Amino acid sequence: MSNLLSMAQAFAFRGAPPFHLQHRVGLAVLTLLLLVACIPAALAHEFKVGDLEIEHPWSRATPPGAKVAGGYFTVTNKGSAPDRLLSISSDISDKAELHEMGIKDGVMTMRPVEGGLEIPAGGKVALKPGAYHLMFVGLKRQPKQGEKFPATLTFEKAGSVKVEFVVEGMGETGSSDMDMDHAE
């Protein structure tokens, strides 16, 4: 006990023992790893309604005068029954439509999806450039990189959910859907 007391007195008079370089490096590495682990959560944005999860709704910035913008996200159905995306609305445009792009006989085609888009039970559907995607038609303002805009997705069974579309750069993940005139 007297040995412990003399160590405590020495600590009090001389200050804390030196913090070794190895401990400092270890602490720095641990801090860096914790910060890196938090980045995906900070960048991702997800929304949930019923059994559906909507992951990372995004759009592209548009050039001045553009009348349309695309919208993209992934929907995962964690339920045991299929659901259907029926409609989309947003204050950024006069209307929003669900479209499908494909290639038929070597020609790229795009058409509105009639009757909504089925999200299979236990499945996932990606709305992405060159495939299923949203079209915000009759833009009321130009989406600018770095901003967000709200929209409402309405599903047959799960109901409606408000989401935020993050506006990315004009060239993000290709520009195949922005090269066509989508106006009716």
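Me: How many helices and strands are there in the chain?
Reply: The model is predicted, so local features need pLDDT of at least 70 and side-chain atom pairs pLDDT 80 or more, while totals for chains, interfaces and linings use all residues. Residues are numbered from 1 along each chain as its sequence is written, and side-chain values use heavy atoms, without hydrogens and water. Helices (H or I, at least four residues) and strands (E, at least two) are DSSP runs, numbered from the N terminus. From that end the order is α-α-β-β-β-β-β-β-β-β-β-β-β, and the count is 2 helices and 11 strands.

Me: What percentage of the residues of the chain count as buried?
Reply: Buried means under 20% relative accessible area, exposed over 50%, and partly exposed in between, with a 1.4 Å probe and protein chains only. The chain has 184 residues, and the buried share of them is 36%.

Me: Which residue in β3 is the bridge partner of Ile-54?
Reply: Two strands pair if DSSP finds at least two bridges between them. Strand β2 (residues 52-60) runs antiparallel to strand β1 (residues 46-49), with 4 bridges, and Ile-54 in β2 stands opposite Phe-47. Strand β2 also runs antiparallel to strand β3 (residues 68-77), with 6 bridges. There the partner of Ile-54 is Val-75.

Me: Which residue takes a positive phi in the hairpin of β1 and β2?
Reply: The hairpin has 2 residues between the strands. The phi in question is near 55 degrees, and the residue is Gly-50.

Me: Which residue in β11 stands opposite Ser-59?
Reply: Strand β2 and strand β11 (residues 159-168) run parallel and are joined by 3 bridges. In β11, the residue opposite Ser-59 is Val-167.

Me: Which residues does Thr-76 touch, not counting residues up to four places away in sequence?
Reply: Thr-76 is in strand β3 and is buried, at a relative accessible area of 16%. Contact means heavy atoms within 4.5 Å. Under the stated exclusion, the residues touched by Thr-76 are Asp-51, Leu-52, Glu-53, Gly-123 and Lys-124.

Me: Which side chain is joined to that of His-99 by a polar contact of 2.7 Å?
Reply: His-99 is found in strand β5 (residues 93-104) and is buried, with a relative accessible area of 3%. A polar contact is a pair of N or O atoms within 3.5 Å; within protein, one must be able to donate a hydrogen and the other to accept it, and residues adjacent in sequence count only if both atoms are side-chain atoms. The partner of His-99 at 2.7 Å is Glu-97.

Me: How many aromatic pairs are there?
Reply: Rings of Phe, Tyr and Trp (its six-membered ring) pair if their centres lie within 6.5 Å; planes under 30 degrees apart count as stacked, over 60 as edge-to-face and the rest as tilted. By this rule the count is 5.

Me: What is the angle between the planes of Phe-136 and Phe-149?
Reply: The pair is edge-to-face, with 5.3 Å centre to centre. Phe-136 lies in strand β9 (residues 133-139) and Phe-149 in strand β10 (residues 148-155), so the pair ties together parts 13 residues apart in sequence. The angle is 90 degrees.
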